[in-house]
Amino acid sequence: MMDTDPTPGPSFTIAFVPGVTLAKWSKVWQERRRDLPLSFAPTAESDAVRVLHDHEATVSFVRLPVDDTDLSLIPLYSEVPVAVLPKDHDLSLVDSLGVADLADEHLLQDPDVVPEWRDVATEVRDGSRRALPEMRSIEDAIELVAAGVGIVIVPQSVARLYGRKDVIARPVTDVAETRIGLAWLADETTPDIDDFVGVVRGRTARSSRAPQEEPEKAPPKERKPQQKPKAKPFTPRQGRAPKKLGKGRNRGRGRS
């Protein structure tokens, strides 16, 4: 008798780019949907959409902007940009920076990634920019920052993820913030995806996107019109004669 492989159970795979933290959402999901365990796929930014089209992930946390063709996409939150510098850099003494402060630095990224820096950079303007060294990841780039080769400008969450004792990060006030969004294939939206979107958006377990699932309310009771009480007929009090009205104030008084 031949052995057969067990039928794989249902899966719900979440892809996510560097810097995204899933702990809060995955905890809520596990409390509500014990029937469907999550699996996680750390993904490079360049692959965050591809994994959906290749069915390697059910949903994907992407760093915007991305090509959203055939996707459903909801923006979630913004990220503060920071410059990562060697710890002993002169600019480490200030709390925040502008791109003008970084104009003479060597950026270890494609200048088009940070157009605000590109437009003021000395090495771009005078043509002295040298070729970038080989780097396989942002982690490699930050290692070169620590060695004094150059700087990078990345979201704060990424700088925190790859933080080292020999580098520092400072906010850059005039570089546009990036945004994180949640994406999935529009034609493959399922109730499970709807549930996960609800978790990410903070909906409670009892809330629902479908109006027909709302609990039915009892119809309001009809209120009968109140009847006005009938006026009682006037009955003069017994034992007292009705007063006679005179024509003048002193009528009925005797003369002295």
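Modeller: What follows goes from the sheet to the helices on it, and then to the contact between those helices. The model is predicted. Five strands make up an open sheet, in the order β2-β1-β3-β8-β4, and their pairing is mixed. The edges are taken by β2 (38-42) and β4 (71-79); each has a single partner strand, so one side of each has no neighbour in the sheet. On average, neighbouring strands of this sheet are turned by 25 degrees against each other, direction ignored. Within the sheet, β1 (residues 12-16) and β3 (residues 59-64) pair in the parallel sense, over three bridges. Ala15 stands opposite Ser60 in β3.

Two helices come next. Helix α1 packs on the sheet and touches β2, β3 and β4, and its direction makes about 160 degrees with that of β2. Helix α7 also packs on the sheet, where it touches β1, β3, β4 and β8 (178-185); the direction of α7 makes about 160 degrees with that of β8.

These helices also pack against each other. The angle between α1 (residues 23-32) and α7 (residues 191-200) is about 130 degrees, and their axes are 9 Å apart. The two helices are therefore oblique to each other. Their crossing is right-handed. On the α1 side, the contact is made by Trp25, Val28, Trp29 and Arg32, and on the α7 side by Asp192, Asp195, Phe196, Val199 and Val200. By class, this contact of α1 with α7 has six nonpolar and three charged residues, and no polar ones.

Technical notes: Residues numbered from 1 in each chain as written. Predicted model: local features only at pLDDT ≥ 70, side-chain atom pairs only at ≥ 80, totals over all residues. Heavy atoms only, no water. Axes fitted to C-alpha atoms, helices over the stretch in contact; angles between N-to-C directions. Helix = DSSP H or I, 4+ residues; strand = E, 2+ residues; numbered from the N terminus. Parallel < 35°, antiparallel > 145°, perpendicular 65-115°, else oblique. Left-handed = near helix turned anticlockwise from the far one by under 90°. Contact = heavy atoms within 4.5 Å. Nonpolar A, V, L, I, M, F, W, Y, C, P; charged D, E, K, R; others polar. Pairing = 2+ DSSP bridges.
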